[in-house]
Amino acid sequence: MRLPDPKRLRSASTIRTYPVGMEELIRVVEEVIQSLPRWTLAHAGESEVRAVRKTRVLGFEDDVMVRLTPAGSSGASPNTWAELESTARVGMRDLGQNERNLKELLAATERRLTADSFS
């Protein structure tokens, strides 16, 4: 019998492709993190953004990382590949909080990108 990887019990990850350049996506992710309640921007570089998200109950902190890679272009727009990961700092299980962190960040990022495209 194979035991589950302890890191997987306390983390979540996903990958998305966005039809914008890396510079624009970095800017949008930074702005989104700074606008979300209980989120703090920890680091922003050319291809990576790190944040800390505090839970509502007990104030546990989760580390969230977004790594960006150019993914070529489709027609007139460049594409950027985004790898997102959220990891609990405390405990063996996250009770789904890391999945919720990623959903919150993804939804806010997609809303901002949609709003920016109509501006």
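Ala-51 counts as buried, because its relative accessibility is 3% and the cut-off for buried is under 20%. Keep in mind that you're looking at a predicted model.

**Ala-51 and its surroundings**
- You'll find Ala-51 in strand E3.
- Leaving out residues up to four places away in sequence, Ala-51 touches Ile-33, Trp-39, Thr-40, Leu-41, Ala-42, Asp-62, Asp-63 and Val-64.
- Glu-61 sits 10 residues from Ala-51 in sequence, and their C-alpha atoms are 10.0 Å apart in space.

**The E2–E3 pair**
- Strand E2 covers residues 39–44 and strand E3 covers residues 48–54; the two pair up in the antiparallel sense, over five bridges.
- To get from E2 to E3, the chain goes through a hairpin of three residues.
- Look across from Ala-44 and you'll see Val-49 of E3 standing opposite.
- As a rule, side chains in a regular strand alternate between the two faces of the sheet.

**The nonpolar core**
- How many residues are in the largest nonpolar core? There are 24, and Leu-25, Val-66 and Leu-105 have the most contacts inside it.
- At least two residues of this core come from each of these elements: strand E1 (11–18), helix H2 (22–35), E3, strand E4 (61–74), strand E5 (77–88) and helix H3 (97–117).
- H2 gives the largest share of this core, with seven residues.
- Leu-105 is in contact with Val-32, Ile-33, Leu-36, Trp-39, Val-64, Val-66 and Leu-84, once neighbours within four places in sequence are set aside.
- In soluble globular proteins, nonpolar side chains tend to be buried together.

**The cavity**
- Searching the whole structure turns up one cavity of 30 Å³ or more.
- The largest cavity holds about 50 Å³ of space.
- Its lining is made up of Tyr-18, Val-29, Val-66, Ala-82, Leu-84, Leu-105, Leu-106 and Thr-109.
- Which element gives the most to the lining of the largest cavity? That's H3, with three residues.
- Sorted by class, the lining of this cavity has seven nonpolar residues, one polar and no charged ones.

**The pocket**
- The largest pocket has a volume of about 310 Å³.
- Lining this pocket are 16 residues, and Thr-55, Val-57, Phe-60, Asp-94 and Gln-97 are the ones that lie nearest its centre.
- By class, the pocket lining splits into six nonpolar, three polar and seven charged residues.

Notes. Residues are numbered from 1 along each chain as its sequence is written. This is a predicted model: local features need pLDDT of at least 70, side-chain atom pairs count only at pLDDT 80 or more; totals for chains, interfaces and linings use all residues. Side-chain values use heavy atoms; hydrogens and water are left out. On a 1 Å grid over the protein atoms alone, a cavity is a set of points where a 1.4 Å probe fits but cannot get out, and a pocket is an open set with protein on both sides within 12 Å along at least five of seven lines; lining residues have an atom within 4 Å of a point. Grid points are joined across faces, edges and corners, and a volume is the space filled by probe spheres set on the points. Ala, Val, Leu, Ile, Met, Phe, Trp, Tyr, Cys and Pro count as nonpolar, Asp, Glu, Lys and Arg as charged, and the others, Gly among them, as polar. Two strands pair if DSSP finds at least two bridges between them. Helices (H or I, at least four residues) and strands (E, at least two) are DSSP runs, numbered from the N terminus. Buried means under 20% relative accessible area, exposed over 50%, partly exposed in between (1.4 Å probe, protein chains only). Contact means heavy atoms within 4.5 Å. A nonpolar core is a set of buried Ala, Val, Leu, Ile, Met, Phe, Trp, Tyr and Cys residues joined through side-chain atoms within 4.5 Å.
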